[in-house]
Amino acid sequence: MASHHDRRASLIERIEALFMQHGAQVYDGARREPVTALQHALQCALLAEQANADSTLVAAALLHDVGHFLDIRPEAHDADDVHEYRALALLAEGFGPAVIEPIRLHVQAKRYLVATDPGYAATLTPASTHSLALQGGPMSRDEQRYFEVLPFATRAIVLRRWDDLAKQADKTTPPLAYYLRRLADVPRDPAFDSSAPDASLSFH
């Protein structure tokens, strides 16, 4: 049976291959953004680092959209691609809930923020606004209450805010290889309160 270290190394190789194959893709049509998929991932990871996030959140920031690279089909602009779920089984081969759960919840975090933060919707790009409607729109009050008590919900909100900011054309970031090396050292089951981000994390 392969060791955890071997499974992690194999997974990182798979992640690298996915970024090499699909990272240069651009979001077209109603999903158009000013960055490629790889640029978006690197910017998001950099924002996490700059906020002094722990290594699991940096990993989640880098990998939150890997689901876009799986089960590639002709793009449908009028349907939710549920990308937040597609990569969970793959990522579970090497990472624990501290990485996987913020990824799983980052779309729901957008729905939550639209419903609870009066100024948030105005910060979304047209593409993100378009996908919001497909993803269910603002949460109802019952949905908000359910979301708020989920483990990792607060960390998913922090990830969501970086996700929204990581769309700057031509922004300089470390290369993919730098973050792939960081993935090797991410603890699988870190000991911390999953309901709260690091005290050093910024919500702004």
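**A. Helix 3 passes helix 9 in a right-handed crossing.** Helices are DSSP runs of H or I, at least four residues long, numbered from the N terminus. The two axes come within 10 Å and cross at roughly 50°. Axes are lines fitted to C-alpha atoms over the stretch in contact, with angles from 0 to 180 degrees between N-to-C directions. Thr-56, Leu-57, Ala-60 and Ala-61 of helix 3 touch Arg-155, Leu-159 and Trp-162 of helix 9; contact means heavy atoms within 4.5 Å.

The model is predicted: local features need pLDDT of at least 70, side-chain atom pairs count only at pLDDT 80 or more, and totals for chains, interfaces and linings use all residues. Residues are numbered from 1 along each chain as its sequence is written, and side-chain values use heavy atoms, leaving out hydrogens and water.

Helix 2 packs against helix 3 at an angle of about 160°. Their axes are 7 Å apart. The angle makes helix 2 roughly antiparallel to helix 3. This crossing, too, is right-handed. On the helix 2 side sit Ala-41, Leu-42, Cys-44, Ala-45, Ala-48 and Glu-49. They meet Leu-57, Val-58, Ala-61 and Leu-62 of helix 3.

**C. The largest nonpolar core has 43 residues.** Such a core joins buried Ala, Val, Leu, Ile, Met, Phe, Trp, Tyr and Cys through side-chain atoms within 4.5 Å. Ile-15, Phe-19, Leu-62, Leu-63, Phe-95, Trp-162 and Leu-183 have the most contacts inside this core. Several helices supply at least two residues each, among them helix 1 (4–22), helix 6 (97–116) and helix 10 (176–183). Helix 2 gives the most, with nine residues. Leu-62 touches Phe-19, Ala-41, Leu-42, Ala-45, Leu-176, Tyr-179 and Leu-183, leaving aside neighbours within four places in sequence. Apart from this core lies another, of 16 residues, including Ala-98, Leu-105, Phe-152 and Ala-153.

**D. Leu-105 is buried in helix 6.** Its relative accessible area is 2% (buried is under 20%, exposed over 50%, partly exposed in between; 1.4 Å probe, protein chains only). Leu-105 touches Phe-147, Leu-150, Pro-151, Phe-152, Ala-153 and Ala-156, not counting residues up to four places away in sequence. Arg-160 is 55 residues from Leu-105 in sequence, yet 8.9 Å away, C-alpha to C-alpha.

**E. Phe-152 and Asp-170 have positive phi values.** Most residues other than glycine have a negative phi. Phe-152, with phi near 75°, is in the loop between helix 8 (141–148) and helix 9. Phe-152 counts as buried because its relative accessibility is 11%. Asp-170 has phi of about 65° and lies in the loop between helix 9 and helix 10. At 71% relative accessibility, Asp-170 counts as exposed.

Terms used. Parallel < 35°, antiparallel > 145°, perpendicular 65-115°, else oblique. Left-handed = near helix turned anticlockwise from the far one by under 90°.
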